[in-house]
Amino acid sequence: MVRLVIKIGLTFIAVIVLVFFGQVIFDTVYQFPKNLNYGVTFSPQYAKYLDLDWRQTFIKSLNELKVRNFRIPTYWSELEKEEGEFNFDDVDFMLDEIEKRQGKVILVVGFRQPRWPECYLPSWTRGLSLEEKRAKILNFIKATIERYENRDSIWAYQVENELFLPFFGEDCDKGDEESLKQEVDLVRGLSDKYIIISDSGELGNWIIPMQFSDVFGTTIYRDVYNSIMGYLTYPILPYLYNVKSQVIKNIFAPKNQRTIIVELQAEPWIGTSDLDKNPKKQEKHFPVSKLKGYINYAKKTGFDEVYLWGVEWWYFMAQNGHPEYLEYAKTLF
């Protein structure tokens, strides 16, 4: 028994050593991109939650930070509050401003969108069956694509957001392969633009998202919160995301063209109420040194395009006496 325990322990140590040296080897032999393209996800809803003027904040991200790559959500609950009555004014505003500056956009379509509560179902859908809701989702996606297909700024449509993360979000119907295929087929029938599917970098298996997409978008979160364990940092070396991407592409998804980081944590994970809208505690929990560390971590994955998650929060912190996040971000764009 003792020998077995020793063997298991030594094997575990050997695996850890091999994984660690894998990063060293990767750093030595991998041809890293000379330039990384940085972008941001911008959510008007989150900016408003932080008591910011969202349009003013958006313009500042264009003029002050010089952001030119955006991931823009289309919140179904906001854009079709009454069935069949669409109001795309907010999305129009963002796209117009981006195009004035020759920027590029990933437009997210579907009911799962960036930012909590993840699923944005209009109130009028609540009495519908699952099949009826899916038909209405397809109608909404169709209306969105038809409105924006001629926008040169949009280079890709992201279909749903982390659809296969069923335990995260509110009022979320479980995503499945068949419904995703219907949505992807619909978008392909309406557009020749790239299709992106995203999945959790740490918890997803990536296979179906990579099979269905032209470009796969992984999310990367370093510090997360669990109600049982509290805050924890994922013990994942950055090169492993790239290895995982290459393995799945070569075995399961040979038509997939590349992987990007569609969501990189660049703000604190608000797991406890004492951190919510408390800039002093948030700064201690997520100092600018941590933001810099996450950017360096992303560089070590070897992916060439990174969309940061937290631009609204940077402006919230600057408004509350902590401009250091914005000052650092200015060096990236």
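Helix 12 is followed by G321, whose phi is positive, near 90 degrees; helices (H or I, at least four residues) and strands (E, at least two) are taken as DSSP runs and numbered from the N terminus. The model is a predicted one, in which local features need pLDDT of at least 70 and side-chain atom pairs count only at pLDDT 80 or more, while totals for chains, interfaces and linings use all residues. Residues are numbered from 1 along each chain as its sequence is written, and side-chain values use heavy atoms, with hydrogens and water left out. Helix 12 itself (residues 311-319) is mostly covered, with seven of its nine residues buried, where buried denotes under 20% relative accessible area, exposed over 50%, and partly exposed in between (1.4 Å probe, protein chains only). The buried positions are V311, E312, W313, W314, Y315, F316 and M317.

A search of the whole structure finds one disulfide, defined as a pair of cysteine sulfur atoms within 2.5 Å. The bond is formed by C119 and C172, whose sulfur atoms lie 2.0 Å apart. It links distant parts of the chain, 53 residues apart: C119 belongs to the loop between strand 3 (104-109) and helix 6 (130-148), and C172 to the loop between strand 4 (154-159) and helix 7 (177-190). The link of C119 and C172 is right-handed, with 115 degrees about the S-S bond. C119 is buried, at a relative accessible area of 6%, whereas C172 is partly exposed, at 21%.

Most residues other than glycine have a negative phi, and most peptide bonds are trans. In the loop between strand 3 and helix 6, R115 is not a glycine and yet has a positive phi of about 90 degrees; R115 is buried, with a relative accessible area of 8%. A cis peptide bond with omega of about 15 degrees joins W116 and P117, and P117 lies in the loop between strand 3 and helix 6. In the loop between strand 4 and helix 7, D171 has a positive phi of about 55 degrees although it is not a glycine.

Two packed helices are described by the angle between their axes and the distance between the axes. Here axes are lines fitted to C-alpha atoms, for helices over the stretch in contact, and angles run from 0 to 180 degrees between N-to-C directions. The axes of helix 6 and helix 7 come within 10 Å and cross at roughly 25 degrees. The two helices are therefore roughly parallel to each other (angles under 35 degrees count as roughly parallel, over 145 as roughly antiparallel, 65 to 115 as roughly perpendicular and the rest as oblique). Contact (heavy atoms within 4.5 Å) is made by R134, I137, L138, I141, K142, I145 and E146 in helix 6 with S179, Q182, E183, L186, V187 and L190 in helix 7.

Helix 3 (residues 54-63) and helix 5 (residues 89-100) pack at an angle of about 20 degrees, with their axes 10 Å apart. Helix 3 is thus roughly parallel to helix 5. W54, R55, F58, I59 and L62 in helix 3 meet D89, D90, F93, M94, E97 and I98 in helix 5.

F86 is found in the loop between helix 4 (76-79) and helix 5 and is partly exposed, at 37% relative accessibility. Leaving aside neighbours within four places in sequence, F86 is in contact with L79, E80, F140 and A143.
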